[in-house]
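User: I'd like to go through the labels on this model and check each one against its cut-off. Can we start once the structure is up?

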Amino acid sequence: MKSGHYALFLLLACGTQAFAHSGHSHGAPLSEKEINAAKGVFADADIQDRSLSDWDGVWQSIYPYAKDGTLDPVFRKKAAADKNSSFNKIKDYYLTGYASDITDIGIENGVMEFTEKGAVSSCHYAYKGYKVLNYVSGKRGVRYLFECSDKNSKAPRFVQFSDHIISPRKSSHFHIFTGNVSQEALFAELENWPTFFPYQLSKEQIVDDLLHH
């Protein structure tokens with residue numbers, strides 16, 4: 001673990017957990033609107049602003065688990081449910097989606113710390129609203145936008161979160177989009193969505209979560 005995350009990790013490890021993976025629970029039960037939103041079906045009126053604290057914690061990329069075969073049971077299940085695809089096609093799709101050089105992320109008090117290729121960078125991020133994306137499938141998604149204003153920071157200037165949640169609620173995992181060009185440039189990225197789960201979860205727990213959600 002990176003030293004910059006140690007104190008926060010201890011807080012998460014020793015404190016009350018919001019994640020009960022043996023029962024596949026993530027805090028308070030989801031409402032009907034929240035369940036539908038997670039499926040990409042919601043009304044604009046139901047979208048609410050969220051603060052960066054919804055993503056507080058220490059997070060790990062699951063890309064390494066996709067590469068080393070750990071997530072193969074998940075890909076096999078998805079392939080079995082899709083008669084028009086195959087295990088190899090499903091795995092390739094997720095390898096592209098999960099791909100990221102960022103290995104872990106720490107978030108606390110409005111500050112995000114990224115570990116990318118062994119180098120650590122951080123910045124305080126300001127909330128910049130949200131963007132609704134309408135997909136070809138007919139489903140919809142919401143990305144929550146944040147921006148680093150410190151020009152001397154090597155952390156990504158623009159960050160977007162997508163976690164299938166559209167109102168204030170602690171995230172249990174998320175897809176993240178990062179870059180230095182503009183928020184608009186990140187909206188165009190639909191094939192690569194690096195995915196992060198809580199750092200304290202084992203790879204077996206992550207597989208269990210993905211198989212049941």
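Analyst: Let's start with a term. A polar contact is a pair of N or O atoms within 3.5 Å; within protein, one must be able to donate a hydrogen and the other to accept it, and residues adjacent in sequence count only if both atoms are side-chain atoms. The side chains of Gln 160 and Gln 183 are joined by one, at 3.0 Å. Two notes on sourcing: this is a predicted model, where local features need pLDDT of at least 70, side-chain atom pairs count only at pLDDT 80 or more, and totals for chains, interfaces and linings use all residues. Residues are numbered from 1 along each chain as its sequence is written, and side-chain values use heavy atoms, with hydrogens and water left out.

User: Why is Gln 160 called buried?

Analyst: Buried means under 20% relative accessible area, exposed over 50%, partly exposed in between (1.4 Å probe, protein chains only). Gln 160 has 0% relative accessibility, so it counts as buried. Gln 160 sits in strand β8 (residues 158–162); strands (E, at least two residues) and helices (H or I, at least four) are DSSP runs, numbered from the N terminus. Leaving aside neighbours within four places in sequence, Gln 160 has contacts (heavy atoms within 4.5 Å) that include Arg 143, His 175, Gln 183 and Phe 187.

User: What makes Phe 114 and Tyr 125 an edge-to-face pair?

Analyst: Rings of Phe, Tyr and Trp (its six-membered ring) pair if their centres lie within 6.5 Å; planes under 30 degrees apart count as stacked, over 60 as edge-to-face and the rest as tilted. The structure holds 16 aromatic pairs. For Phe 114 and Tyr 125, the centres are 6.3 Å apart and the planes make 70 degrees, an edge-to-face pair. Phe 114 is in strand β5 (residues 111–116) and Tyr 125 in strand β6 (residues 119–134). Both Phe 114 and Tyr 125 are buried.

User: How do you know that Arg 143 lies over the face of Phe 177?

Analyst: A charge sits over a ring if NZ of Lys or CZ of Arg is within 6 Å of the ring centre and within 35 degrees of the ring normal. Arg 143 lies over the face of Phe 177, at 3.6 Å from the ring centre. Lys 131 does likewise over Phe 187, at 5.5 Å.

User: Why are the buried residues of α7 said to line one face?

Analyst: Those of helix α7 (residues 203–212) are Ile 206, Val 207, Asp 209 and Leu 210. Seen down the axis of α7, they fall within an arc of 160 degrees (taken from the directions from the helix axis to the C-beta atoms), so they line one face.

User: And why is Lys 117 called exposed?

Analyst: Lys 117 has a relative accessible area of 67%, so the exposed label applies. Lys 117 lies in the loop between β5 and β6, and its phi is near 55 degrees, a positive value in a residue other than glycine. Most residues other than glycine have a negative phi.
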